[in-house]
Amino acid sequence: MNGFVRADLAFSLCGLNCGLCPMKLDGHCPGCGGGAGNQSCKIARCSLEHGSPAYCFQCGEFPCGRYEGIDEYDSFITHQKRLADMERARAAGLADYQTELGERRELLDYFLANCNDGRRKTLFYLAANLLSLKALQEAREQARAMAEQSPKERGTQTAALLQASAAREGVLLKLRRKPKQT
């Protein structure tokens, strides 16, 4: 979108954790305001119309009608905690939130490099976005202890650890698709 530029390509205007997104990390998406390939975005257009806040939570009208039901369904990245993540960024401050995103990215990179048997990628992306840092750190430490196992065994066991943490935290590690209209 012309005129829309962002300095922070890891945390979007609307609260998506782009730094933990499979499309962004695989090089298929430049992120909002990230250059060529940007898709037209209603929220980016809204930002331009409201003085160009870097994040929606900085707008005097937030949360507006655009956020009704925004966490209900997912795309290729989870939308489950968008509002909660924006509130954490606002409350803790952007620097602290960026530090947390960096830690989550390091954990995600570890799981993808050391525990991905080719079938767990989406699970690892979801876990990095949705589970507590403590649960992710514990799973990494347990995965490190499995260094002698094959990638398939390590992937299976790490997936089970993450699913158990998700159950304890009341989190669903599955993308929620919008039902098709008939």
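Predicted model: local features only at pLDDT ≥ 70, side-chain atom pairs only at ≥ 80, totals over all residues.
Visitor: Where should I start with helix α5?

Guide: Start with burial. A residue counts as buried when its relative accessible area is under 20%. Helix α5 spans residues 121-130 and is mostly covered.

Visitor: How many of the ten residues of α5 are buried?

Guide: Eight of the ten are buried. They are Leu123, Phe124, Tyr125, Leu126, Ala127, Ala128, Asn129 and Leu130.

Visitor: Which helices do the buried residues of α5 pack against?

Guide: Look for contacts, meaning heavy atoms within 4.5 Å. The buried residues of α5 pack against α1 (22-25), α4 (94-114), α6 (133-144) and α7 (151-169).

Visitor: What comes just after α3?

Guide: Gly93 does, with a positive phi of about 100 degrees.

Visitor: How many residues does the largest nonpolar core have?

Guide: A nonpolar core joins buried residues through side-chain atoms. The largest one here has 46 residues. Those with the most contacts inside it are Phe11, Tyr67, Phe111, Leu131, Leu162 and Leu173. At least two residues each come from α2 (42-49), α3, α4, α5, α6 and α7. Helix α5 gives the largest share, seven residues.

Visitor: Which residues is Phe111 in contact with, leaving aside its neighbours within four places in sequence?

Guide: Phe111 is in contact with Asn116, Phe124, Leu136, Ala139, Arg140, Thr158 and Leu162. Two names return here. Phe124 is among the buried residues of α5, and Leu162 is among the core residues with the most contacts.

Visitor: How many cavities of 30 Å³ or more does the structure hold?

Guide: Three. Of its 13 lining residues, the closest to its centre are Cys46, His50, Cys56, Cys59 and Cys64. Next, sort the lining by type. It divides into nine nonpolar, two polar and two charged residues.

Visitor: What lines the second largest cavity?

Guide: This cavity holds about 50 Å³ of space. Its lining includes Gly15, Leu16, Asn17, Thr78, Arg82, Asp85, Asn129 and Leu130. Helices α3 and α5 are the elements that give two or more residues to this lining.

Visitor: How do the residues of that lining divide?

Guide: Into two nonpolar, six polar and three charged. Now link the features. Arg82 and Asp85 are buried in α3 and also line this cavity. Asn129 and Leu130 are buried in α5 and line the second largest cavity too.

Technical notes:
Residues numbered from 1 in each chain as written. Heavy atoms only, no water. Buried < 20%, exposed > 50% of the residue type's maximum accessible area, 1.4 Å probe, protein only. Helix = DSSP H or I, 4+ residues; strand = E, 2+ residues; numbered from the N terminus. 1 Å grid on protein atoms, 1.4 Å probe; cavity = no way out; pocket = protein on both sides within 12 Å on 5 of 7 lines; lining within 4 Å. Points joined across faces, edges and corners; volume = space filled by probe spheres on them. Nonpolar A, V, L, I, M, F, W, Y, C, P; charged D, E, K, R; others polar. Core = buried A, V, L, I, M, F, W, Y, C linked by side-chain atoms within 4.5 Å.
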